[in-house]
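User: Can you walk me through this one? I have some quick questions.

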Amino acid sequence: MGLLSRIVTCNSHGQDSSYFLGWQEYEKNPYHEVNNPQGIIQMGLAENQLSFDLPESWLAKNSDAAGFKRDGQSIFKELALFQDYHGLPAFKKALVDFMAEIRGNKVTFDPNHIVLTAGATSANETLMFCLAEQGDAFLLPTPYYPGFDRDLKWRTGVEIVPIQCTSSNRFQITAPALEEAYQQAQRKNLRVKGVLVTNPSNPLGTTMRRDELDLLINFITDKEIHLISDEIYSGTVFSSPGFVSIMEVLKDRSLEQTPVWERVHIVYSLSKDLGLPGFRVGAIYSNDPIVVAAATKMSSFGLVSSQTQYLLSAMLSDKKFTKEYMAKNQKRLQKQQSKLVSGLEKAGIGCLESNAGLFCWVDMRHLLSSNTFEAEMELWKRIVYDVKLNISPGSSCHCSEPGWFRVCFANISEDTLKLAMQRLKSFVDSVAINNQSHQELKNSRKKFRTKWVFRLSFQSFHDREQDER
Amino acid sequence: MLSSKASCNSHGQDSSYFLGWQLYENNPFHEVENPTGIIQMGLAENQLSFDLVESWLRKNPEVMELKKGGESVFRELALFQDYHGLPTFKNELVEYMAKMRGNKVKFDPNNLVLAAGATSANETLIFCLADPGEAILLPTPYYPGFDRDLKWRTGVEIVPVHCWSSNGFRITMFALEEAYERAQKLNLKVKGVLITNPSNPLGTTMTKEELDHLITFAMAKNIHVISDEVFSGTVFDSPGFISILEAAMDRNLENTDVWSRIHIVYSLSKDLGLPGFRVGMIYSNNKTVVGASTKMSSFGLVSSQTQYLLTNVLASKRFTSKYMKENQKRLKKRKEMLVSGLKKSGIECLKSNAGLFCWVDMRHLLSSNTLEAETKLWNQMVCDVGLNISPGSSFHCSEPGWFRVCFANMSRGTLQVAMRRIKDFVERSNFMGRIKMNYQQNMSSLSRKLLSNWVRKLSSPDPNEHER
């Protein structure tokens with residue numbers, strides 16, 4: 001063509017092909033309890049499907065909220081016309097209250113500082129546009145959500161420089177790692193504008209500890225840069241230690257009147273805890289009025305449907321509902337996570353100890369034929385094609401150590417999870433037996449690899465949306 | 001500390017367009033509670049046909065309750081975030097769009113990409129077609145929002161194609177060439193032309209001739225054409241609406257290069273009057289553009305709740321036929337009311353057959369043929385007459401004295417009040433015209449204060465921006 005923009009022709013949307021291969025395979029052969037019990041079980045989708053019944057039953061009892069009515073009167077016209085990028089005031093109020101509730105009310109938020117966006121995807125990109133120029137960089141601790149390669153970099157031209165975290169200390173951020181990442185950026189002639197962390201972490205499923213948060217604050221204060229805290233999983237914390245928001249730590253250190261206060265920004269969304277990714281509700285929270293103003297205007301490019309704002313403002317204003325939802329949801333997440341953890345244990349597989357999220361960070365290093373990413377890919381292929389589980393390889397999350405996989409648990413039923421664990425156990429047992437015919441295995445892998453390369457070159461144009469995190 | 005995009009004012013929201021808005025917000029007209037307030041005539045919204053949609057909703061409560069055949073589809077919708085969009089919704093949309101074009105064009109739902117409003121669609125297309133520093137040609141006058149939507153985050157430039165009242169502001173080959181050369185002189189690589197058809201603010205549909213010029217031009221220069229057809233459902237009079245795709249088909253261009261360089265933008269905000277629901281779309285025959293903009297739509301997907309609602313609304317063919325016919329009738333009637341009301345005050349409009357506004361000629365009311373005089377007149381209209389209308393300069397019109405006046409966002413009664421006020425103003429002006437010199441000298445102190453306030457405001461945070 002030659003007539004399209006660079007960002008389109010360079011294919012720099014970062015939608016990693018191997019990651020989508022698993023997705024594609026699943027789509028071709030999706031597991032179904034009755035219709036396709038041999039199919040691939042989707043465990044690469046960080047969706048919360050455990051608590052739908054709750055909002056569904058709320059909806060049934062509150063049809064006015066979905067029916068464009070307020071106190072029995074139709075407000076259809078008002079909503080149909082409402083495109084104010086400041087957002088529905090009642091919705092913003094309900095949202096900030098909900099966010100405060102998630103943080104045990106240890107932090108309060110000002111609705112005038114919140115900006116609504118069409119999902120966290122939009123929120124993150126918008127923040128990049130506000131905080132960095134093309135060619136600037138943001139530091140991100142690894143492993144991180146693969147979608148960031150697109151959301152933060154693609155249209156903004158901003159670079160990501162990884163902060164390498166390792167299993168030696170459970171992938172926590174350390175001062176040397178931060179410093180090393182900063183130096184690396186300098187060596188590449190990249191101006192660092194900030195750090196972006198996901199807390200609770202995707203894919204780790206852990207909440208950040210206070211000392212990590214303190215470390216981050218010290219670092220951004222010292223370097224005079226921004227911190228974006230993507231807290232979209234904050235409502236999925238199901239066990240101790242609890243969730244500590246970056247805002248809480250700033251308050252505890254009495255930093256409200258200092259410059260760093262205005263350089264900390266939070267991203268939130270209702271896609272993970274409330275399980276409503278289809279409704280596209282995201283938000284940016286910032287203490288910097290200029291960022292709020294600029295992001296508000298930019299939100300024109302991705303406003304939340306007024307129909308949806310109204311429905312959710314009614315739902316979130318119902319404190320009885322939100323309290324019940326959070327309690328039940330957390331319990332269900334915890335139960336399902338323990339089932340996954342114990343199922344993996346039975347197969348001799350460990351996970352990183354986690355207290356949040358919709359997934360576990362699973363250690364399959366001992367199943368690798370060698371401590372390489374090539375071996376990780378081989379293992380992943382076997383798990384997708386032979387074991388028929390679509391899980392996410394750590395390399396797609398930029399993990400520095402091969403052998404880790406993210407396995408989701410909240411998007412399948414208890415029975416499906418049980419089956420998945422059975423399949424995995426059988427696989428692990430068979431690996432142990434087949435260790436004798438090691439050479440045979442090596443040969444079949446070579447053929448496999450060729451098949452994979454063959455497939456890559458015929459990658460369909462219809463690659464899949466990176467739906468989840 | 002922040003990006004240049006956040007700290008500079010290239011979002012274009014400091015124009016007079018938004019100041020008028022602010023003044024209105026401070027003193028909004030209300031038939032009962034504030035009959036002397038400012039009447040909002042700067043808002044291109046269609047408020048004439050809500051009752052039709054509302055009555056459909058009343059008869060179909062299941063759709064709002066997220067049910068289908070008595071069963072809840074809540075879960076399915078709550079999870080649906082596929083950027084390919086709800087297939088049934090896209091099927092309905094392409095049928096609706098075809099119907100609007102008299103079924104002379106057929107659309108393939110696989111070539112349709114949903115976006116959160118035309119605002120998002122336009123920006124996305126620019127990201128796909130141009131690099132920072134490159135340029136898009138736009139015929140003037142054009143929608144002020146384009147200065148933000150097309151340029152702000154993309155870094156792309158707009159080079160105006162000057163159109164004149166001498167030929168009804170029609171696009172000529174000469175004007176296109178002239179703009180292209182101007183871009184070259186500025187060292188800007190032109191990637192395409194963006195037109196709004198029907199035009200905002202003119203309220204006219206493009207002639208076959210204009211469309212042919214554009215296509216020929218795009219072929220010769222090897223560039224894209226973006227046809228923003230957001231107002232295509234508001235055509236209420238002859239000549240009918242001719243879509244750019246129809247013009248291309250008439251020239252048998254389907255298998256040529258230019259076919260994949262023509263892209264359409266549409267939205268449900270103007271004809272269906274649903275700007276709050278954020279439903280926009282891109283249509284392109286270029287698979288690469290469809291692929292890329294589909295991924296980019298991740299940054300502005302349409303709520304599945306809304307997709308589901310509108311799928312059902314559009315699926316009701318009886319409703320859409322009735323709506324289109326009735327809506328057009330009402331728009332026509334209301335426009336005629338505005339036109340005749342203005343005529344009684346000796347004010348003419350550009351002859352129009354579409355849109356939610358008229359392009360009004362107030363050149364004869366200017367004290368001089370200058371931008372300053374237009375601004376002065378505008379201040380008077382807002383502050384003295386109490387009508388928030390939009391000055392042509394905010395649309396980058398090359399001639400002073402033209403104003404866009406909206407008619408579809410208010411009741412008949414309010415429009416009548418507005419017409420009376422204008423009549424009074426013009427009569428006063430005619431009287432004062434005899435002692436014109438004195439009038440200018442005694443320019444109200446309020447207007448003077450307004451001007452300095454405005455200058456001050458240019459450097460402070462801008463007011464909320466609304467739609468077209």
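User: How many positive and negative side chains does chain B have?
Analyst: This is a predicted model. In it, chain B carries 55 positive and 48 negative side chains. The centres of those two sets lie 4 Å apart.

User: And what about the charges of chain A?
Analyst: Chain A has 53 positive and 53 negative charges. Their mean positions are 4 Å apart.

User: What secondary structure does chain B have?
Analyst: Chain B has 18 helices and 15 strands. Its radius of gyration is 23 Å, close to the 23 Å that the globule rule gives for 468 residues, so chain B is as compact as a globular protein of that length. The C-alpha trace spans about 70 × 55 × 55 Å along its principal axes.

User: What are the counts for chain A?
Analyst: There are 17 helices and 15 strands in chain A. For its 469 residues a compact globule would have a radius of gyration near 23 Å, and chain A agrees, with 23 Å. Its C-alpha atoms fill a box of roughly 70 × 55 × 55 Å along the principal axes.

User: What about surface?
Analyst: Chain B exposes about 17200 Å², with 52% supplied by carbon and sulfur atoms. For chain A the accessible surface is about 17400 Å², and carbon and sulfur atoms account for 51%.

User: What share of the contacts in chain B comes from residues 24 or more positions apart?
Analyst: 76% of the contacts with a separation of 6 or more. Chain A also gives 76% on that count.

User: Switching to cores. Which residues touch the most other members in the largest nonpolar core?
Analyst: A:V195 and A:L270, in a core of 165 residues. Helix α6 of chain A, residues 89-102, gives the most to this core, with 8 residues.

User: What does A:V195 touch?
Analyst: Leaving out residues up to four places away in sequence, its partners include A:F138, A:L139, A:I163, A:L216 and A:F219. A:I225, A:H226, A:L227 and A:I228 are also among them.

User: B:V289 is in α12 of chain B. Is that helix enclosed or open, and why?
Analyst: Helix α12 of chain B, residues 287-296, is largely enclosed by the rest of the structure, because 8 of its 10 residues are buried. Besides B:V289, the buried ones include B:V290, B:G291, B:A292 and B:K295.

User: What do those buried residues pack against?
Analyst: Elements of both chains. From chain A come α1 (6-9) and α8 (148-151). From chain B come β4 (112-115), α7 (117-129), β9 (262-267) and β10 (280-284).

User: Last one, B:L194. Where is it, and is it buried or exposed?
Analyst: B:L194 sits in strand β7 of chain B, residues 190-196. It is buried, with a relative accessible area of 2%.

User: What is it in contact with?
Analyst: Setting aside neighbours within four places in sequence, B:L194 is in contact with B:N122, B:I136, B:L137, B:L138, B:P139, B:F146, B:L150 and B:I226.

User: And how far is B:H263 from B:L194?
Analyst: They are 69 residues apart in sequence. In space they are 9.4 Å apart, C-alpha to C-alpha.

Notes: Residues numbered from 1 in each chain as written. Chains lettered and ligands numbered in written order. Predicted model: local features only at pLDDT ≥ 70, side-chain atom pairs only at ≥ 80, totals over all residues. Heavy atoms only, no water. Helix = DSSP H or I, 4+ residues; strand = E, 2+ residues; numbered from the N terminus. Rg over C-alpha atoms; globule rule 2.2 N^0.38 Å. Contact = heavy atoms within 4.5 Å. Areas by Shrake-Rupley, 256 points an atom, 1.4 Å probe, with all protein chains shown as cover. Lys, Arg positive; Asp, Glu negative; His and termini not counted. Charge placed at Lys NZ, Arg CZ, Asp CG, Glu CD. Core = buried A, V, L, I, M, F, W, Y, C linked by side-chain atoms within 4.5 Å. Buried < 20%, exposed > 50% of the residue type's maximum accessible area, 1.4 Å probe, protein only.
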